[in-house]
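Subject: Structure handover and notes

Dear colleague,

Please find below the structure we spoke about, followed by my notes on what was found in it. I would be glad if you read the notes with the model open beside them.

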Amino acid sequence: KAKAQGKNCYELYSSQLTKEAVQSFQLEQDLRIAIHARQLLLHFQPQFSLCSGELCGLEVLVRWQHPEKGMMPPGEFIALAEETNLIIPLGWQVIELACEQILIWQEQGYMVPPVAINISPKQLLEADFIEHINSILDRFGIARSQIELEITESLIMQDPDYAIEQLNLLRHAGYRLAIDDFGIGYSSLNRLKQLPLDRLKIDYSFTRDIGTNPRDEAIIITVIALGKSLNIEVLAEGVETEAQQAFLKAHGCDSVQGYLLGRPVPEQELRILKVA
Ligand code: C2E
Ligand code: MG
Ligand code: MG
Ligand code: MG
């Protein structure tokens, strides 16, 4: 009897595994098609200076308009894209779409603040990354200082020396560089000191606990001080309440991004750009 049960368990387990594998294989095929069929689109989330209250940036967040499943957030496909290397063509498409949109805004006479694009470590470690991104910007006539590349600490962990070299080349080429989700990774302070950064983005998980967790507050205060001493701007992401914003302002944080100030929206709903 035990043996029969054991067999059933095994079958249940294996058929679930198969089901998951089939689903993820299906999603991979769908994503492959989506990249070619241009089902990817961009949302933009505003960033504001706490000092002046002015718009100081826009973050590009990719969305997938899936034919059956509807609008899919990146949490549902970026990890798969990374596992399957589809993140490479996907990442290029995001950069192209962003440049296309910046050019449209510029031609309409708007002042466009720096536009931040999330770059996966895999993409940045590609040998021809710099040549490729330069060629896209040149094609659209976009200045490099218009683009901020958001990278995560995991990049620096994978191959620190190569990563630092790539980042230095990008900085010299004129790109702005930001560390995303700062605080949840493991990059040592010593490495941080070596990186040519314009900005640190404090992860949402710290911002969320302002007012409730003194430890998170202490970490935020420390990161702001770190930014000041290294001459790197500090932005807090995931700001949802006035109280969080007031805390960040009181402690000298440079800028904020979050639902309180604006959700990620498609370009036609972004009514915040000023005429140049
Ligand atoms: P991220 O770069 O840290 O982006 C911030 C995420 O927080 C976004 O989720 C944004 O919608 C969300 N967010 C913004 N304000 C608030 C807030 O006040 N409260 C809460 N709860 N959330 C807020 P989203 O759009 O789902 O993106 C998730 C992640 O997917 C991004 O995290 C980024 O790591 C990745 N991602 C998005 N677009 C791209 C892309 O084009 N390429 C790559 N490689 N990754 C991307
Ligand atoms: Mg980001
Ligand atoms: Mg982030
Ligand atoms: Mg985050």
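In these notes a residue is called buried under 20% relative accessible area, exposed over 50%, and partly exposed in between, with a 1.4 Å probe and the protein chains only. By that scale Asn85 is partly exposed, with a relative accessible area of 42%, and Arg38 is likewise partly exposed, at 46%. The model is a predicted one, in which local features need pLDDT of at least 70 and side-chain atom pairs count only at pLDDT 80 or more, while totals for chains, interfaces and linings use all residues. Residues are numbered from 1 along each chain as its sequence is written, chains are lettered from A and ligands numbered from 1 in the order in which they are written, and side-chain values use heavy atoms, with hydrogens and water left out.

Backbone

Most residues other than glycine have a negative phi. Asn85 has a positive phi, near 70°, and is placed in the loop between helix H2 (78-83) and helix H3 (87-107); helices here are DSSP runs of H or I with at least four residues, strands are runs of E with at least two, and both are numbered from the N terminus. The phi of Arg38 is also positive, near 55°, and this residue is found in the loop between helix H1 (2-36) and strand S1 (40-49).

Metal sites

Donors are taken as N, O and S atoms within 2.8 Å of the metal (3.2 Å for Na, K and Ca), and since water is not among the atoms, sites may look incomplete. The magnesium ion (ligand 2) is coordinated at 2.0 to 2.3 Å by Glu59 (OE), Asn118 (OD1), Glu150 (OE) and Asp180 (OD), and the spacing of these donor residues in sequence is E-x58-N-x31-E-x29-D. Glu59 belongs to strand S2 (residues 55-66) and Asn118 to strand S5 (residues 115-118), so this pair ties together parts that are 59 residues apart in sequence. Glu59 counts as buried, at 4% relative accessibility, whereas Asn118 counts as partly exposed, at 32%.

Asp180 bridges the magnesium ion (ligand 2) and the magnesium ion (ligand 3), which lie 3.8 Å apart. The magnesium ion (ligand 4) has Asp181 (OD) and Glu237 (OE) as its protein donors, at 2.4 to 2.6 Å. Asp181, in strand S7 (residues 176-182), and Glu237, in the loop between strand S9 (233-236) and helix H11 (242-250), are 56 residues apart and link distant parts of the chain. Asp181 also coordinates the magnesium ion (ligand 3), which is 3.0 Å from the magnesium ion (ligand 4). Asp181 is partly exposed, with a relative accessible area of 23%, while Glu237 counts as buried at 11%.

Pockets and cavity

Both were found on a 1 Å grid over the protein atoms alone: a cavity is a set of points where a 1.4 Å probe fits but cannot get out, a pocket is an open set with protein on both sides within 12 Å along at least five of seven lines, and lining residues have an atom within 4 Å of a point. Grid points are joined across faces, edges and corners, and a volume is the space filled by probe spheres set on the points.

The largest pocket holds about 1000 Å³ of space. It is lined by 38 residues, of which Glu59, Leu61, Pro74, Asn118 and Asp180 are the closest to its centre. S2 gives the largest share of this lining, 5 residues. The second largest pocket has about 190 Å³, and its lining residues include Phe48, Met111 and Ile272. There is 1 cavity of 30 Å³ or more, and among the residues that line the largest cavity are Gln47, Cys56 and Arg199.

Aromatic contacts

Rings of Phe, Tyr and Trp (its six-membered ring) pair if their centres lie within 6.5 Å, with planes under 30 degrees apart counted as stacked, over 60 as edge-to-face and the rest as tilted. The structure holds 3 aromatic pairs. In one of them, Trp64 and Phe77 have ring centres 5.4 Å apart and planes at 85°, so the pair is edge-to-face. Trp64 is buried, at 0% relative accessibility, and Phe77 is buried with a relative accessible area of 0%.

With regards
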